[in-house]
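Trainee: I have a structure open and would like to go through it with you. Can we take it piece by piece?
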Amino acid sequence: MGRREQTGALHGHVDSSTRTRLAVGAMALGGFGIGTTEFAAMGLLPGIAQDLEVSEPVAGHVISAYALGVVVGAPLIAAAFARVPRRLLLIGLMVAFTAGNALSVFAPSYGTLMAARFVAGLPHGAFFGVAALVAAHLAGPAGRGRAVGQVLMGLSVANVIGVPLVTWLGNAFTWRYAMGVVVVIGAVTVAALLAFLPSVSIPVTNPLTELGALARPQVWFALLTGIVGFGGMFAVYTYIATTLTSVSGLSATSVPIVLAVYGVGMVIGNAVGGRAADRSVIGSIAVALAALVVLQALFSLFAPQPFAAVALFFLIGLTASALVPALQTRLMDVAGEAQTLAATLNHSALNIANALGALLGGAVIAAGGAYTAPALVGSGLAVAGLLVFVVCVLVARRGAEPVGARR
């Protein structure tokens with residue numbers, strides 16, 4: 001009989017459910033820090049550009065550098081550190097994230113800041129992927145969807161609290177102070193992980209086993225579903241400020257409030273999506289994508305009406321966030337032994353979705369379309385994502401791959 005893993009600093013002092021909540025909370029705090037640094041950078045661009053004496057479009061490349069770090073880091077870290085115990089890996093990833101942000105605080109030049117943002121992005125996808133695996137393991141089969149949603153909740157809460165706070169701080173003082181807050185969050189997260197995160201009995205693998213995920217068609221289907229289906233939300237989100245001011249007639253000062261409302265939708269969506277995934281992973285993905293088709297089409301029609309525009313934007317955030325825990329769980333279901341790589345690739349896929357949605361939304365505007373056109377693009381992408389997922393399920397049910405655990 002195998003040795004039971006010790007549960008860390010709290011073993012023997014509190015019950016297992018409390019230990020699980022504390023561990024998941026520590027991982028969610030890490031997600032809060034990651035979400036804060038990722039999204040706040042957009043609001044800090046004017047200050048960065050002025051401080052480093054570059055144009056704002058050039059300063060915007062630091063956002064691309066971070067996203068590139070996410071896309072590159074997720075699969076490389078998952079494969080290269082496959083043999084590292086998950087508790088140690090999560091702590092190491094948060095140390096690396098904190099160090100990357102500390103480099104950003106003290107970056108003396110634009111080139112240095114670009115490198116620092118790339119470094120800060122490297123642990124992003126791997127942290128969320130490994131944290132999802134650990135949370136699902138700690139919660140057990142009946143509660144894994146909720147646990148994954150709770151880890152991702154940190155990312156959503158960041159849009160409600162962290163991003164507005166550090167954006168205000170950066171604009172009131174300097175963007176370096178804002179990055180400094182993220183460093184503090186990272187350091188506190190490291191301490192929380194050390195205190196509350198138990199060792200878990202998830203088997204470590206090896207790089208070749210992890211890379212085996214790439215040979216599984218169902219993994220690619222799930223990733224493509226996320227890239228295409230989730231890309232639609234980013235087509236709307238990227239151009240929402242101008243849409244609200246030029247189409248809905250809202251003032252520029254109201255845009256941060258609307259973004260906070262969107263963030264609240266994300267928080268609710270994570271909670272709802274996690275519970276829905278525990279009932280049916282396949283059903284959750286299908287319903288969320290179908291809802292995004294309808295909501296984004298309605299947004300394109302009712303954007304000129306301020307109340308309707310805000311309400312629909314809130315629902316788009318809620319529905320898109322509800323999709324993420326189910327996609328994450330789906331990847332864990334179809335990855336076989338390559339759990340870590342598959343889980344981390346989800347976040348690479350979502351960053352590609354970000355780029356895809358922004359690119360296509362911008363293309364229709366550049367071609368002469370109104371600022372309501374990106375929402376139609378988003379609706380079309382959600383349709384495409386739904387079609388990909390239908391094919392995914394049909395192929396699985398014909399025996400090419402398992403449909404997924406218990407779903």
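Trainee: What is methionine 27 in contact with, leaving aside its neighbours within four places in sequence?
Mentor: This is a predicted model, so keep that in mind throughout. In it, methionine 27 contacts Leu90, Phe127, Ala131, Val134, Ala135, Val151, Leu193 and Leu197, once neighbours within four places in sequence are set aside.

Trainee: Which residues have the most contacts inside the largest nonpolar core?
Mentor: Met27, Phe230 and Phe299 do, in a core of 96 residues.

Trainee: And which helix gives the largest share of this core?
Mentor: Helix α5, residues 110-139, with 13 residues.

Trainee: What does the second, separate core include?
Mentor: That core has 12 residues, including Ala222, Ala335, Ala342 and Leu345. As background, nonpolar side chains in soluble globular proteins tend to be buried together.

Trainee: Let me step back. How many helices and strands are there in the protein?
Mentor: There are 15 helices and zero strands. The protein has 407 residues, and 55% of them count as buried.

Trainee: What share of the contacts joins residues at least 24 apart in sequence?
Mentor: The figure is 84%, taken among contacts between residues at least 6 apart in sequence.

Trainee: Changing topic: how many cavities of 30 Å³ or more does the count come to?
Mentor: One. About 280 Å³ of space lies in the largest cavity.

Trainee: Which residues lie nearest its centre?
Mentor: Phe39, Leu155, Phe230, Phe234 and Leu350, out of 20 lining residues. You have met Phe230 already, among the residues with the most contacts inside the largest core.

Trainee: Which helices each supply at least two residues of that lining?
Mentor: They are α1 (16-52), α6 (144-172), α9 (217-238), α11 (255-279), α13 (306-334) and α14 (339-366).

Trainee: How does the lining split by class?
Mentor: It has 11 nonpolar residues, eight polar and one charged.

Trainee: On to charges, then. How many salt bridges does the count come to?
Mentor: One. The side chains of aspartate 51 and arginine 176 meet there, at 3.0 Å from N to O. Aspartate 51 is in helix α1 and arginine 176 in helix α7 (residues 175-196), so the pair links distant parts of the chain, 125 residues apart.

Trainee: Is aspartate 51 buried, exposed or something in between, and why?
Mentor: Aspartate 51 counts as partly exposed because its relative accessible area is 38%, and that class runs between 20% and 50%.

Trainee: Now threonine 225. Where is it, and is it buried or exposed?
Mentor: Threonine 225 is in helix α9. It counts as buried because its relative accessibility is 0%. Beyond four places in sequence, threonine 225 contacts Phe230, Ile285, Leu289, Leu327, Gly385, Val388 and Phe389.

Trainee: What does asparagine 270 touch, not counting residues up to four places away in sequence?
Mentor: Gly149, Leu152, Met153, Ser156, Ser321, Ala322 and Pro325.

Trainee: Last one. Is valine 287 buried or exposed?
Mentor: Valine 287 has a relative accessible area of 58%, so it is exposed. Valine 287 lies in helix α12, residues 281-302.

Trainee: How far apart are valine 287 and leucine 386 in sequence and in space?
Mentor: Valine 287 and leucine 386 are 99 residues apart in sequence and 9.1 Å apart in space, C-alpha to C-alpha.

Methods
Residues are numbered from 1 along each chain as its sequence is written. This is a predicted model: local features need pLDDT of at least 70, side-chain atom pairs count only at pLDDT 80 or more; totals for chains, interfaces and linings use all residues. Side-chain values use heavy atoms; hydrogens and water are left out. A nonpolar core is a set of buried Ala, Val, Leu, Ile, Met, Phe, Trp, Tyr and Cys residues joined through side-chain atoms within 4.5 Å. Buried means under 20% relative accessible area, exposed over 50%, partly exposed in between (1.4 Å probe, protein chains only). Helices (H or I, at least four residues) and strands (E, at least two) are DSSP runs, numbered from the N terminus. Contact means heavy atoms within 4.5 Å. On a 1 Å grid over the protein atoms alone, a cavity is a set of points where a 1.4 Å probe fits but cannot get out, and a pocket is an open set with protein on both sides within 12 Å along at least five of seven lines; lining residues have an atom within 4 Å of a point. Grid points are joined across faces, edges and corners, and a volume is the space filled by probe spheres set on the points. Ala, Val, Leu, Ile, Met, Phe, Trp, Tyr, Cys and Pro count as nonpolar, Asp, Glu, Lys and Arg as charged, and the others, Gly among them, as polar. A salt bridge is a side-chain nitrogen of Lys or Arg within 4 Å of a carboxyl oxygen of Asp or Glu.
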